Amino acid sequence: MKRPEMVIFDYGHTLVYEQDFGPLAGDIALQPHIKTNKNALTAEQIHERSVELSKPLATAKKNGLEILQTQYMRLLYETLEIELDFSYEEAEAVFWDAAWPGEPMPGAAEMLRRLHELGIRTAVISNISFSQKNLKRRIDKLLPHNRFEFIMASSDYGYRKPSTHLFELALKKSGLSPDKVWYCGDRADMDVDGSAAVGMFPVWFEYDVSNNPFGEKKGYVPKAEYLHVSSWEEFLSILETI
């Protein structure tokens, strides 16, 4: 194990913890932005229709594909004959902030600051249906002093981790060979084995946070060699000894 030139991070429950209020909270938050509502649908009725419409998307995710949230929202609202008073990109941000508000993971800001001091470059790859633009907006709000060179959202590329497509593209963006890059994430299957498949060194980050619906796939044992840490302080203490 050698010190990396770049560390790439997962987003959810790695850099940021998201409280799960759920999609209905997002639908309620969008109510003041409804310009026309031909069928006078309530937030609860919109949510019910959304649940039905989204069921096939779960299969797509299991098959490693990602659908952009703004595409889905446009289909939903146009089908329901609802017009919003702002763009779907803005609607996505309002929905996300209400449904899954976030806060930095403990020690994340200090860890990123220290990596910069050590001359280690940083970036993000996230499995997420929200747009890359809104992902960057959220990260910049919650971790305002980050120096991420790029932030990649699976929604902008159509594929989800552990597909090698996203990791290979990140390597091209970095200009580095895989042996010079570490990838940190909270999923053994998506993050550890996904990044290892392209030659990156994986860090399995398992902070003890309750209510993490996206965490470890129960019973899954990583196939790759990896570093296992439970806090960003532990991560730094190991990194600085290399």
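Ser163 caps the N-terminal end of helix α7, with a side-chain oxygen lying 3.2 Å from the backbone nitrogen of His165; a polar contact is a pair of N or O atoms within 3.5 Å, where, within protein, one must be able to donate a hydrogen and the other to accept it, and residues adjacent in sequence count only if both atoms are side-chain atoms. The model is predicted, and local features need pLDDT of at least 70, side-chain atom pairs count only at pLDDT 80 or more, while totals for chains, interfaces and linings use all residues. Residues are numbered from 1 along each chain as its sequence is written, and side-chain values use heavy atoms, with hydrogens and water left out.

Helices (H or I, at least four residues) and strands (E, at least two) are DSSP runs, numbered from the N terminus. In α7, which covers residues 164–174, the buried residues are Leu166, Phe167, Ala170, Leu171 and Ser174, where buried means under 20% relative accessible area, exposed over 50%, and partly exposed in between (1.4 Å probe, protein chains only). Seen down the axis of α7, these residues fall within an arc of 140 degrees, so they line one face of the helix; the arc is that of the directions from the helix axis to the C-beta atoms. They pack against β1, β6, β7, β8 and α8, contact meaning heavy atoms within 4.5 Å. Just after α7, Gly175 takes a positive phi of about 75 degrees.

Several of these strands belong to an open sheet of six, in the order β7-β6-β1-β8-β9-β10, with parallel pairing; two strands pair if DSSP finds at least two bridges between them. Strands β7 and β10 stand at the edges with a single partner strand each, so one side of each is left without a neighbour in the sheet. Four bridges join β1 to β6, and the bridge partner of Ile8 in β6 is Ala123.

Aromatic rings are the next topic. Rings of Phe, Tyr and Trp (its six-membered ring) pair if their centres lie within 6.5 Å, and planes under 30 degrees apart count as stacked, over 60 as edge-to-face and the rest as tilted. The count comes to 13 aromatic pairs, including these two:

| Pair | Type | Centre to centre | Between planes |
|---|---|---|---|
| Trp182 and Phe235 | edge-to-face | 6.1 Å | 70 degrees |
| Phe205 and Tyr207 | stacked | 6.4 Å | 15 degrees |

Trp182 in strand β8 and Phe235 in helix α9 are 53 residues apart, so that pair links distant parts of the chain. Trp182 is buried at 2% relative accessible area, whereas Tyr207 is partly exposed at 31%.
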